[in-house]
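My notebook is open, and I am ready to look around.

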Amino acid sequence: MLLCSLERCNHDHTVIRALVPKPLRPKFRAAHHYLRHKFLLTKLFGHHASLIPPLVLMHDGPVGFEEFKRNGEEFFRYYTELCDLKPHERMLDVGSGIGRKTFLLTDYLNDEGSYEGLDIVKTGIDWCRERITRKYSRFKFQLIDVYNQHYNPTGRYKASEYRFPFADDSFDFVVLGSVFTHMVTEDMEHYLCEVARVLKTGGRCLASFFLLNQSSVALMRAHKSTVDLNISLGSCWVADARDPEAVTGYKEDFVRALYDKYNLEIKERVHYGAWCGRETFLSYQDLIVASKQPKQNQNSR
Ligand SMILES: C[S@@+](CC[C@H](N)C(=O)[O-])C[C@H]1O[C@@H](n2cnc3c(N)ncnc32)[C@H](O)[C@@H]1O
């Protein structure tokens with residue numbers, strides 16, 4: 001149906017264009033392009049259309065509107081069904097990107113609920129502030145000048161020393177979607193420690209990883225994987241030694257031990273992903289949902 005309307009639109013464009021005087025044609029083309037874009041976005045995203053960035057701003061994942069929508073819908077399901085996010089809760093999105101996992105939350109979180117986004121890429125934060133915060137004031141975004149060779153090579157602060165700008169025990173839910181897949185060991189460990197600090201007891205964390213275990217390593221060796229993490233930097237494995245943070249993975253045992261260290265209990269099981277060529281999977285990356293345990297558990301160990 002969408003295709004049909006677009007074909008019709010293209011046909012009308014060709015007919016009308018022939019009637020436009022030549023000097024006005026560039027302006028006509030620009031106006032047509034703009035209207036076509038608005039039409040497509042409104043068809044796909046309805047009243048969220050104004051929150052969707054142009055393709056050139058999608059620095060943080062697959063470039064395409066359909067993919068953007070699918071990804072937003074997929075993670076909205078994980079937030080609400082796997083992680084039990086409630087409308088009145090306070091959530092933190094570390095590495096919020098361009099808001100592809102945020103736009104659907106604007107209808108979900110109520111006046112008691114709130115959302116904080118942190119990222120190191122200015123264009124994404126600027127877009128989210130301009131489009132999301134302006135319309136939904138309980139959604140806030142902060143640019144943090146943290147170094148990452150791939151995303152922010154001029155960053156001032158080390159991720160391994162950076163303190164999230166929030167008080168202890170202040171969030172019900174923290175998400176890191178495809179962020180630990182771009183961080184090296186000491187940075188990742190420190191961020192996990194910060195997640196545990198800012199979560200309330202009983203609060204949940206959803207984080208995605210490329211986890212190295214028997215099955216993913218076997219699939220990588222058999223060239224079935226979409227990423228080839230074959231360079232070891234200690235506990236972190238990367239695909240490109242010159243640009244390590246382009247993609248990083250970790251031994252599953254190492255990650256489990258860190259969760260234990262920071263008193264984050266993994267809920268049920270790890271939800272393994274399709275990234276390495278698995279036939280049974282939940283999402284593309286491996287997903288870990290964990291909850292922060294009460295302090296006495298920590299002491300009784
Ligand atoms: C692959 S994108 C994922 C974006 C978003 N979470 C999503 O799932 O659509 C990774 C994001 O993490 C951000 N990032 C990388 N290192 C970071 C750090 N140390 N602190 C905060 N954000 C970081 C990048 O700027 C980028 O926006």
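These entries follow what I looked up, one topic at a time.

**Entry 1: the kind of model**

I noted before anything else that this is a predicted model.

**Entry 2: the domains**

I looked up how the protein chain is divided, and I found domain 1 (2-51) and domain 2 (64-299). Their C-alpha centres lie 37 Å apart. The contact between them takes 7 residues from domain 1 and 6 residues from domain 2. I then sorted the side of domain 1 that touches domain 2 by class: 5 residues are nonpolar, 2 are polar and none is charged.

**Entry 3: helix H3**

I checked the length of helix H3, which covers residues 65-82. At 1.5 Å a residue, its 18 residues should span 26 Å, and the end C-alpha atoms are 25 Å apart, so the two values agree.

Next I asked myself which residues of H3 are buried. My list reads Phe-68, Gly-72, Phe-75, Tyr-78 and Tyr-79. These five cover an arc of only 125° around the axis, and therefore they sit on the same side of H3. What covers them includes strand E5 (199-209) and strand E11 (286-292).

Then I turned to the face of H3 that points away from the buried side. There I wrote down the exposed residues Glu-66, Glu-73, Arg-77 and Glu-81.

**Entry 4: two aspartates with positive phi**

After H3 comes Asp-84, in the loop between H3 and strand E1 (90-94). Its phi is positive, about 60°, although Asp-84 is not a glycine. I counted 14 C-beta neighbours inside 10 Å, so Asp-84 goes down as partly exposed.

I found another positive phi, near 50°, at Asp-169, which is also a residue other than glycine. Asp-169 is in the loop between strand E3 (139-143) and strand E4 (171-176). Is Asp-169 buried or exposed? It is exposed, because there are 12 other C-beta atoms within 10 Å, and a count of 12 or fewer is the cut-off for that label.

**Entry 5: Lys-140**

I stayed with strand E3 for a moment and picked out Lys-140, which is found there. Lys-140 has 16 other C-beta atoms within 10 Å, so I marked it as partly exposed. Which residues is Lys-140 in contact with, leaving aside its neighbours within four places in sequence? I found Glu-116, Gly-117 and Thr-133. I also looked up the distance from Lys-140 to Ser-291: the C-alpha atoms are 24 Å apart in space, and the two residues are 151 apart in sequence.

**Entry 6: Trp-127**

My next stop was helix H4 (residues 122-133), where Trp-127 has its place. This tryptophan has 21 other C-beta atoms within 10 Å, so it counts as buried. With neighbours within four places in sequence left aside, Trp-127 is in contact with Pro-53, Leu-57 and Ile-98. I also checked it against Tyr-78: they are 49 residues apart in sequence, and 24 Å separate them in space, C-alpha to C-alpha. Tyr-78 is already in my notes as one of the buried residues of H3.

**Entry 7: around the ligand**

Last, I asked how many residues surround the ligand. The answer is 22, and the closest are Asp-60, Gly-95, Gly-97, Gly-177 and Ser-178. I divided the shell by class as well, and got 9 nonpolar, 9 polar and 4 charged residues.

Methods. Residues numbered from 1 in each chain as written. Predicted model: local features only at pLDDT ≥ 70, side-chain atom pairs only at ≥ 80, totals over all residues. Helix = DSSP H or I, 4+ residues; strand = E, 2+ residues; numbered from the N terminus. Expected span 1.5 Å × (residues − 1). Buried ≥ 20, exposed ≤ 12 C-beta atoms within 10 Å, placed from the backbone. Arc of directions from axis to C-beta. Contact = placed C-beta atoms within 7 Å. Near = placed C-beta within 6 Å. Nonpolar A, V, L, I, M, F, W, Y, C, P; charged D, E, K, R; others polar. Domains from an automatic or database assignment.
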